[in-house]
Structures are given as C-alpha cells and as structure tokens.
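I opened the model to look up its aromatic contacts and one of its pockets. My notes follow.

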Amino acid sequence: MRILLTNDDGIHAEGLASLERVARTLSDDVWVVAPEQDQSGYAHSLSISEPLRLRKIGEKHYAVRGTPTDCVIMGVKKILPAPPDLILSGINSGANIADDVTYSGTVAGAMEGALLGVRSIALSQGYSYVGEDRVVPYETTEALAPALLKKLVATPLPDGVLLNVNFPNCRPEEVAGTVVTSQGKLVHSLWVDERRDGRGLPYYWLRFGREPVEGKKGTDLYALRNRLVSVTPLQLDLTAHEIRDQLTKALA
C-alpha cells in the first residue's frame, strides 16, 4: 500500500513526524508532501496566482510552498510514481471538529484526496495549555491510530466521502473508546483586533472567541469531551437535499 502524508502545520511539524511513524505501521511505501510553512486556517484553497515551489528534503520527503490542497495535487499528479492507495492528513495540533472543519487545512488535505478518488483520512489531536505552552499528547494518536486505521482502511466507502478522526486530550490509557459521530455546533465568532506597527500604522489580527457549549450526544464535540475518539464521515456533496422539493415548489 502506497501512502501519501500531508498536513497544514508545515513540513517540520511534530505531528507530521508522529503521523509518519503511524503510517509506517501500515506500509513501508510512505511519501511525505507537506507545506513549507504553517498553512492552518487556509481550508480548501489553491495557489493559482503564484507558482508552486518544490523542495526535496529527503528520500520521499518534499516541501511545497503552498497549501495542503496544493501538496496533495503535487503528490498525486507530479511527485509519486503512481497514485497513492491512501492519503493521511495530520496529525493536526488541535482538534478539527464542528464548524472548525470548514476552516481546516488538515481536513482540506483529505478533501482533495477524496476529490482525486483516493481514500483519505484526516487526523487531529486535542491539546491543552500549561501556562503559555501548548501541550499536545501526540502519543495518544500514535498509540491508537494504527489499529483504528487498519479497520477504517478495510471498510468500504462511497465515492466522495472522507473520514475526519479526532483524538481526545488525554493519555492513551484514559481514552474511553471510539465512536462514529456527526459534526457538532460551536458558538463562536471572529473579532478584528487592531494594533499599530512601529510607524504608528494600523494592522489587524483575526481573533477567535467562543462561548461554552454542551455538545449533543452523538457529535464530535460530545465525543472529545468524554474522552472518546471521534470518527466523522464527511462528504463532498454540499447539497441540502432535504429542501430541494421545497425550493422547486417555491420557484414553480
């Protein structure tokens, strides 16, 4: 089995090194094509106004000056000798659940893989802060992902479906199990934080803010809060099929 790895945290991210160790429990034919720099929050974006720069940094390891989507396209259509059998995107530093899925470059890497007809799985790891330091227990994903991935790879999926897997912020032995989930709903918004540079000119940061929410049972939010691994099937078809008839009648 040929496996292509990518991420959105960048080619030197600790989570990508962890993912490679996981992938090598499944196959010896592992390729890494990841962004040169952090691409978090770039979602499913393409670099179409600038050239893509490719740099080989080791055997079967490449960095692309572009987005996770660019990396998957370069891997499948340019770098690998033949299309991969599996694309793994991650391991992201932080969960990709609920509404955050729409912003996630990690999920976008798997999304592009699904568009190209390759079985694709995004993996993310919850974290916490100790003081000002982010602590990400990648050992939890490393311990649990190999067995889980073997089951997921063996499970048939329809065309246009990818899997979004999130691991809870706890030690491996504290994980309560694995559940199949749906997307939850976060209550959050973005603030525009205005600052001044050394010349007194304004510049801006987008800043997240969230309100506490109780994730409904069966959602990815509920799973992670209860120390469960969340497996959410996502589909490329964004059509709201349930209101098609209503719209048809309204336009008749």
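I started with Tyr129, which is partly exposed at a relative accessible area of 49% (buried is under 20%, exposed over 50%, partly exposed in between, with a 1.4 Å probe and protein chains only). I note that the model is predicted, that local features need pLDDT of at least 70 and side-chain atom pairs pLDDT 80 or more, and that totals for chains, interfaces and linings use all residues. Numbering runs from 1 along each chain as its sequence is written, and side-chain values use heavy atoms, with hydrogens and water left out.

Next I looked up aromatic pairs and found one in the structure. Tyr127 and Tyr129 make it, edge-to-face, at 5.7 Å centre to centre and 85 degrees between the planes (Phe, Tyr and Trp rings, the six-membered one for Trp, pair with centres within 6.5 Å; planes under 30 degrees apart are stacked, over 60 edge-to-face, the rest tilted). Tyr127 is also partly exposed, at 29% relative accessibility. I then found Arg134 over the face of Tyr127, 4.1 Å from the ring centre (the criterion is NZ of Lys or CZ of Arg within 6 Å of the centre and within 35 degrees of the ring normal).

Last, I checked the lining of the second largest pocket by class: eight nonpolar, five polar and no charged residues. Here Ala, Val, Leu, Ile, Met, Phe, Trp, Tyr, Cys and Pro count as nonpolar, Asp, Glu, Lys and Arg as charged, and the others, Gly among them, as polar.
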